[in-house]
Amino acid sequence: NNINMLIRYIIYGLLGMNMEIFWTSLSGIKSGSHNLIGHTSIWMFFIYGLAVVIMEPIHNLIADQNWFLRGCVWASVIFVIEFTTGGILRLFQIEPWHYTGEFSIMGLIRIDYAPAWFAVGLLFERIHTLLLNYNIGLK
């Protein structure tokens, strides 16, 4: 049902944006700021919403695997999503993120973020399961 899929798309989009605001606010601590001001781009809503069509089906396929393998799958999948969507947006001179440093690849992904994406993927599984258990956006 398209309306149910749209509901989950909106949930993932909003949760992802909030997660990003939280993450970027914590990064300010490294620079000595205690204001904890985070930021994101509205483009991120659309990217995080893609979890409904990309990550949900993958979760259904790998749910029976051990947590470490699933986390590795999630880190890889998120890198592919981040690299692909970032590259597509860059074609239109849109760059909501640009990574720097020795672990950056073309400014689109940072390999040292693998542990974070590992954890985010496992967190996504919990959210997806919660939505399933409470029939949120499902019929």
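Some ground rules. Residues are numbered from 1 along each chain as its sequence is written, and side-chain values use heavy atoms, with hydrogens and water left out. Because the model is predicted, local features need pLDDT of at least 70 and side-chain atom pairs count only at pLDDT 80 or more, while totals for chains, interfaces and linings use all residues.

Let's start with helix α3, residues 55-62. Helices here are DSSP runs of H or I, at least four residues, numbered from the N terminus. Which residues of α3 are buried? They are M55, E56, H59 and I62. Buried means under 20% relative accessible area, exposed means over 50%, and partly exposed is in between, with a 1.4 Å probe and protein chains only. An α-helix has 3.6 residues a turn, so residues three or four places apart point the same way.

The face away from the buried side carries N60 and L61, both exposed. And what do the buried residues pack against? Three helices: α1 (2-27), α4 (67-91) and α5 (114-133). Contact means heavy atoms within 4.5 Å.

Next, the core. A nonpolar core is a set of buried Ala, Val, Leu, Ile, Met, Phe, Trp, Tyr and Cys residues joined through side-chain atoms within 4.5 Å. The largest one has 29 residues. Those with the most contacts inside it are Y12, M44, I47, M55, W74, W117 and F124. Each of α1, α2, α3, α4 and α5 supplies at least two residues of this core. The largest share comes from α4, with seven residues.

Take M44 from that list. Leave out residues up to four places away in sequence, and M44 touches M17, E20, P96 and W97.

On to the largest pocket. Its volume is about 1100 Å³. How many residues line this pocket? There are 36, and the closest to its centre are M19, E20, Y48, Y99 and W117. α1, α2 (42-49), α4 and α5 each give at least two residues to the lining. The largest share, ten residues, is from α1.

First, S25, in helix α1. S25 is buried, at 8% relative accessible area. Setting aside neighbours within four places in sequence, S25 is in contact with L36, I37 and G38.

That brings us to L36, in the loop between α1 and α2. Its phi is near 50 degrees, a positive value in a residue other than glycine. In general, most residues other than glycine have a negative phi. L36 is partly exposed, with a relative accessible area of 43%.

N135 also has a positive phi, near 55 degrees, and is not glycine. N135 lies in the segment after α5. Buried or exposed? N135 is exposed, at 54% relative accessible area.

Last, Y134, in the segment after α5. Y134 counts as exposed, at 60% relative accessibility. Y134 and T100 are 34 residues apart in sequence and 41 Å apart in space, C-alpha to C-alpha.

Definitions and conventions: 1 Å grid on protein atoms, 1.4 Å probe; cavity = no way out; pocket = protein on both sides within 12 Å on 5 of 7 lines; lining within 4 Å. Points joined across faces, edges and corners; volume = space filled by probe spheres on them.
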